[in-house]
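The sequence and structure are shown first, and the account follows.

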Amino acid sequence: MKSAFRLFKIFVFLMVLLTPSCSRNPVTGRREFMLITERREMVIGAEFDKQMTEIFGLYEDPDLQSFIDEKGREMGLISHRPNLSYQFRILDSHVINAFAVPGGYIYLTRGILAHFNSEAELIGVLGHEMGHITARHALSRKSRGQLAQLLLLGGMIVSEEFAQFANLAFTGVELLFLQYSRNDEREADRLGVEYSTKLGYDASRFADFFQLLVQMELEGKTGGIPTFLSTHPDPGDRYNSVNQQAQEWKQTLGGDLWLVNRHSYLRMIDGMVYGEDPRQGYLDDQVFYHPNQRFTFPVPLDWNVEIIPGQIRITPEHGNAMVLLSAINGISLLHAAQNNIENLGLRVLDSENITVNGMPAMSVISEQQAAEAGRSIRVKSVFIDMKGTYYSIHGFATIDYFDANMADFEQIMLNFESLTDVSRINVRPERIHIRPAPLDGSLREVFRVLRVQPDQMQELAFLNNMELTDRIQAGLLLKTIRR
């Protein structure tokens with residue numbers, strides 16, 4: 001929590017102290033108003049990168065990471081800012097997304113990597129994100145006052161009465177830029193085509209990826225992190241323009257052999273975790289289990305669980321309360337609790353030492369004034385020492401609803417315990433399994449022979465960026481899912 005607030009303060013500090021200047025845009029060559037020097041850009045990127053890796057975690061795949069690093073370095077050298085030391089991260093998130101941060105940091109989630117179907121698609125997206133950095137889109141918008149500061153966000157706010165408090169309580173950080181302009185997105189598309197073609201890839205496959213974006217929007221699969229998955233310009237329009245630009249760059253550079261490398265890419269992601277990873281927590285029969293951190297707790301009826309990086313949020317359907325659980329730092333339970341209370345701006349009304357299933361704990365009642373709504377929020381907190389790892393569990397509601405939710409708060413808090421059930425610990429996530437088509441036929445017919453369940457076929461068609469009616473040749477590699 002401290003690091004998140006520290007990052008926020010850094011950005012505010014920079015906004016106040018930076019003096020305006022003009023510099024030449026590396027891509028367009030035009031002079032533009034720019035507040036942030038390249039040295040300060042590096043500081044911003046490095047600080048944000050630290051937060052991202054701590055909060056989301058990195059997905060460990062040495063071969064895939066090595067490939068992305070190698071191609072990313074090659075692309076950086078032929079980009080408009082070859083002096084930058086580009087860094088590439090695979091985030092352990094199922095969200096289908098990619099984004100870039102000033103200073104040369106590019107992030108790809110394992111979710112988006114699972115949905116690519118060739119090296120050419122990956123390289124096109126990589127080029128697009130590098131284009132945002134080389135054209136300094138984020139910095140330019142920030143300098144013009146059109147870029148939002150880094151904010152601490154609560155995500156889905158349960159109730160307007162404690163929206164402000166929920167924001168403060170959120171331990172994760174998202175880089176919430178104002179959406180890039182239509183021109184910024186198109187310029188990044190153009191640069192992605194240029195960079196990927198210069199590396200020898202068929203940039204029309206980058207255009208093919210926009211077909212997936214159209215389907216994502218139709219099915220509501222976007223979300224989570226700032227990205228080029230924008231509704232402006234329309235993905236269908238971007239498909240046409242990127243395809244045209246790809247053909248133009250091929251003609252400009254000459255040659256007939258342009259890399260797609262579908263099978264080599266699919267082999268690289270064979271075995272990748274797909275979807276939400278139950279090792280990071282799952283709900284079963286109103287009991288929540290966290291295999292990685294080895295704890296469990298019951299969930300009241302009609303309450304829902306949302307797992308966010310660094311935090312577990314439990315909310316009732318009636319929407320007038322919320323419980324937040326997260327690990328907190330400290331040299332002792334008391335120290336961790338005091339720091340957490342201070343960071344959240346709580347005014348303690350009562351506290352006592354207790355035990356929770358044999359673990360040392362503290363129970364605290366406090367308040368926090370919700371300035372926007374003009375109403376106070378009352379908070380029931382339990383801080384638990386589980387073998388040297390400290391957890392905070394906050395249950396809060398407005399004073400009007402606090403007592404009515406106390407029983408549900410305590411059901412979660414006072415039944416928090418260590419997870420020792422091996423069967424609950426050793427759960428397996430779903431993984432991508434690459435298999436060759438056993439015959440010529442429609443994708444649906446091929447899936448039948450591969451014994452794909454009927455209710456999974458549409459999802460797998462989406463994963464392969466195909467339709468169930470598409471004709472498939474024997475031997476074509478396809479993504480399937482297995483545990």
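How many aromatic pairs does the count come to? In this predicted model, the count comes to twelve aromatic pairs.

## Aromatic residues

A pair of aromatic rings is described by the distance of the centres and the angle of the planes. The ring centres of F295 and F297 lie 6.3 Å apart with the planes at 20°, so this pair is stacked. F295 and F297 are both buried.

These two residues belong to one aromatic cluster, formed by F288, F295, F297, Y391 and F416.

## Overall composition

The chain contains 16 helices and 21 strands. Of its 483 residues, 55% count as buried. The accessible surface comes to about 21,300 Å², and carbon and sulfur atoms account for 47% of that surface.

Among contacts in the chain with a separation of 6 or more, 67% are between residues 24 or more positions apart.

Opposite F288 stands F297 in β9, and both F288 and F297 are members of the aromatic cluster.

## Strands β12 and β16

Strand β12 (residues 322-328) runs antiparallel to β16, and seven bridges join the two. Which residue of β16 is the bridge partner of A327? The partner is Y391, a residue that also belongs to the aromatic cluster.

Strand β16 (residues 389-398) is mostly covered, with nine of its ten residues buried.

In soluble globular proteins, nonpolar side chains tend to be buried together. The largest nonpolar core here has 69 residues, of which L64, I68, L108, L113 and Y265 touch the most other members. A second, separate core of 26 residues includes V323, I384, M386 and Y391.

Leaving aside neighbours within four places in sequence, L108 is in contact with I68, R89, I90, L91, N97, A98, L113, L122, V125 and L126. Two of these contacts, I68 and L113, are named with L108 among the residues that touch the most other members of the core.

Conventions. Residues are numbered from 1 along each chain as its sequence is written. This is a predicted model: local features need pLDDT of at least 70, side-chain atom pairs count only at pLDDT 80 or more; totals for chains, interfaces and linings use all residues. Side-chain values use heavy atoms; hydrogens and water are left out. Two strands pair if DSSP finds at least two bridges between them. Helices (H or I, at least four residues) and strands (E, at least two) are DSSP runs, numbered from the N terminus. Buried means under 20% relative accessible area, exposed over 50%, partly exposed in between (1.4 Å probe, protein chains only). Contact means heavy atoms within 4.5 Å. Accessible areas come from the Shrake-Rupley method with a 1.4 Å probe; for residues, only the protein chains shown count as cover. Rings of Phe, Tyr and Trp (its six-membered ring) pair if their centres lie within 6.5 Å; planes under 30 degrees apart count as stacked, over 60 as edge-to-face and the rest as tilted. A nonpolar core is a set of buried Ala, Val, Leu, Ile, Met, Phe, Trp, Tyr and Cys residues joined through side-chain atoms within 4.5 Å.
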